[in-house]
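Trainee: Please give me a close account of one part of this model, the interface between the chains. I would also like the side-chain pairing and backbone details that complete the picture.

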Protein chains: 2
Amino acid sequence: MRTFVAVVDTGQFQDAATDLSITQQAVSKRIAGLEKYLAVRLFSRTPRGARLTIDGQAFLPHARELLRVAERAVASVLPGSRPLRVDVIASRTAPSGLMRGFHRAHPEIELDVVTLFDVETAVAAIRSGAIDASFRAVAMPGRPLPEDIESVWVLDEPLQLLTGPAHALAGARSVTVAQLAGHRIWMPGIVPGTEWAAYYDDLVAEFGLTIEATGPNFGSDALLDTIADTPGLATFMGEQTRLVWPAGHGLRRIPVTDPTPVYPHSLLWHRDNPHPALATLRAHLTAAAASHDAAGTWTPGWVIWR
Amino acid sequence: MRTFVAVVDTGQFQDAATDLSITQQAVSKRIAGLEKYLAVRLFSRTPRGARLTIDGQAFLPHARELLRVAERAVASVLPGSRPLRVDVIASRTAPSGLMRGFHRAHPEIELDVVTLFDVETAVAAIRSGAIDASFRAVAMPGRPLPEDIESVWVLDEPLQLLTGPAHALAGARSVTVAQLAGHRIWMPGIVPGTEWAAYYDDLVAEFGLTIEATGPNFGSDALLDTIADTPGLATFMGEQTRLVWPAGHGLRRIPVTDPTPVYPHSLLWHRDNPHPALATLRAHLTAAAASHDAAGTWTPGWVIWR
DNA sequence: TTAGTGCACAACTCACAGTTGTGTACCTTC
DNA sequence: GAAGGTACACAACTGTGAGTTGTGCACTAA
């Protein structure tokens, strides 16, 4: 591809060869190989150089795009000036939406989103410089954040109950936490040992709920199918979760009250991180954040805001 | 890249090797080579398979994107079901804008835009199936379109005068064609023998203008610089041409009247072309087209509408 | 312990990318 | 019209390196 673009830019095999520090014959072979692979003639050879054929013209923008993407791919792991790298707790929670909003507001900022195991891993990654920021609930019981990690509260995401049409609570406009006692709530894919698991452990302990975290996560589709088809089963889901809503499943989202369990999302970053886009992200989140109103909501006691 | 993605998708070097019909050792070597090139560890090897590192997670979307782009690049020259391929007369004329509008309205339609030499070449390319459609002025003097080529009028693009701030006509709100007699008008990059050149030839002959078509086209920037700096020089430019307006050059666009020379853009395509997107394009252009009002405008006598 | 799984290292082989050398086509110049 | 220059293709050769087979090590499960 590089050779193809070089020939286009110089207009000659000879000059492209010079640019690439190889012989004219090598360029000829490379182009011939590409043409053979594509089963299409890309250049018409003339005594004064090479001109793109129609197929070549159509191919050219794709070739340039490929080189751009390849460059970005390398840049994404290049130490030093790589894209801002942010850890989000799961692709179906509010932070993903926040990052989408940030990308819309600043499309010029290169961004890489990853998902780490838990807040411990995230903190270690931030300290080592492997990531620049992390959306997490701070912090695990009895484990204060290290001195060099800063954090700021971003938003509380209310949990909603998701049921199928045949569920006992399907008709309710809202349910209280007390009403949920005795109902089976299924949360597959919650990994033990993470702060997310700790969150639900506390929720269970405080209100006597029955949460089944067993079983691997077969993906969002499988979860929704099961919820829709099982009258005795429900699940929790973040209010801002954007589902690919399966048509005809009759799924219901029901707000939970008295109190409303909220999952507290904070942004964590390293005190000394010099990445210019990090400041932009923090400013964006500050501007987008609603004011903090904890009235009527519940979080585990170990949650820190500072 | 394919190997990297295969390992991610299967979770194991072994299974990726099976998918790719190579040995596990070859996969190991490929990944090791990629990691060496990037100077970064992409997988953490465990006795139960390979897990992405943080760098690997950041790299993954770029790798997938690269494979997608590569696939599109190949598809762009694949005979049979390739993207709609449209010839536009120049990137700075109305058809380019129309195609941008079409792409915005139908982003799902794959599109390749090329620029051919003249209407003769375009017609030949349409007949051979090399392109699907062409924006051209139909037709050259004394050369009717072949029977199997259909055409429809799309729009008339009024020409405007572009001058620098020191030009004699710079202050005019509009100029008549008669006023242009005696002024030097510079149109570099017009290739003799094309229907575009024929257009200006007719314009010169009919109104006694002085149009200099000499000199190669050094690009839009060079043209604008020269126009801005040369008080005695002006150029014609399509009304819908979107310029990267150089700041501080004081360039003026001045409408031309009595009559207004317009460049007639038509769409040409092959009667039997079965490409589904072609019908969509024609419907889009019909819907977007203004009604045809030729009053007060000028085109060469050989222009055909049918 | 033993068997099994999964990846890495080592040695070998051969395909092919790149090299040098040469040929052909076409344009320019006198 | 002959001579020289330019630009690309073909042919023969060479060396790198991608892939193979063979083996070893680390970890898990029974």
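Mentor: The account below begins with the interface and then moves to salt bridges, the annotated span and the backbone.

This is a predicted model, in which local features need pLDDT of at least 70 and side-chain atom pairs count only at pLDDT 80 or more, whereas totals for chains, interfaces and linings use all residues. Residues are numbered from 1 along each chain as its sequence is written, chains are lettered from A and ligands numbered from 1 in the order in which they are written, and side-chain values use heavy atoms, with hydrogens and water left out.

The size of an interface is often given as the accessible area lost when the parts come together. Here chain A and chain B bury about 2,500 Å² between them, and 68% of that area is on carbon and sulfur atoms. Buried area is the accessible area (1.4 Å probe) that two parts lose on being put together, summed over both. Within chain A, the residues that lose the most area to chain B are Ile54(A), His62(A) and Val77(A), which together account for 25% of what that side buries. The contact (heavy atoms within 4.5 Å) draws 27 residues from chain A and 27 residues from chain B.

Polar pairing also spans the interface. Between chain A and chain B there are 6 residue pairs in polar contact, both residues being at pLDDT 80 or more. A polar contact is a pair of N or O atoms within 3.5 Å; within protein, one must be able to donate a hydrogen and the other to accept it, and residues adjacent in sequence count only if both atoms are side-chain atoms. The rule for salt bridges finds 2 across this interface, a salt bridge being a side-chain nitrogen of Lys or Arg within 4 Å of a carboxyl oxygen of Asp or Glu. A salt bridge links the side chains of Arg85(A) and Asp55(B), with an N to O distance of 2.7 Å.

On the side of chain A that touches chain B, helix H3 (24-38), helix H4 (54-75) and strand E4 (111-114) each supply at least two residues. Helices (H or I, at least four residues) and strands (E, at least two) are DSSP runs, numbered from the N terminus. H4(A) gives the most to this side, with 13 residues. By class, the residues of the side divide into 18 nonpolar, 4 polar and 5 charged. For this division, Ala, Val, Leu, Ile, Met, Phe, Trp, Tyr, Cys and Pro count as nonpolar, Asp, Glu, Lys and Arg as charged, and the others, Gly among them, as polar.

Over all chains, the structure holds 21 salt bridges. In one of these, Asp9(A) pairs with Arg64(A), whose closest N and O atoms are 3.0 Å apart. This pair links distant parts of the chain, since Asp9(A) belongs to helix H1 (residues 2-10) and Arg64(A) to helix H4 of chain A, 55 residues apart. Arg64(A) is partly exposed at 31% relative accessibility; buried means under 20% relative accessible area, exposed over 50%, and partly exposed in between (1.4 Å probe, protein chains only).

Arg68(B) is partly exposed at 42%, and Glu65(B) is partly exposed at 21%. Arg136(B), by comparison, bridges to Asp87(B) with the closest N and O atoms 3.0 Å apart. Arg136(B) lies in strand E5 (residues 133-136) and Asp87(B) in strand E3 (residues 84-87) of chain B, so the pair ties together parts 49 residues apart in sequence. Arg136(B) is buried at 1%, as is Asp87(B) at 0%. In chain A, salt bridges that share partners join Glu35(A), Arg41(A) and Arg45(A) into one network.

As for annotation, an unreviewed UniProt entry lists residues 1-53 of chain A as "domain: HTH lysR-type". UniProt positions are given in the numbering used here, feature names are shortened, and annotations may be inferred rather than shown by experiment. The span is 60% helix and 15% strand, and its end C-alpha atoms lie 16 Å apart.

The backbone remains. A cis peptide bond, with omega about -15 degrees, joins Asp258(A) and Pro259(A), and Pro259(A) lies in the loop between strand E11 (252-257) and strand E12 (260-270) of chain A. Asp258(A) has a phi near 60 degrees, a positive value in a residue other than glycine, and is exposed at 59% relative accessible area. In chain B, the peptide bond from Asp258(B) to Pro259(B) is cis, with omega near -15 degrees.
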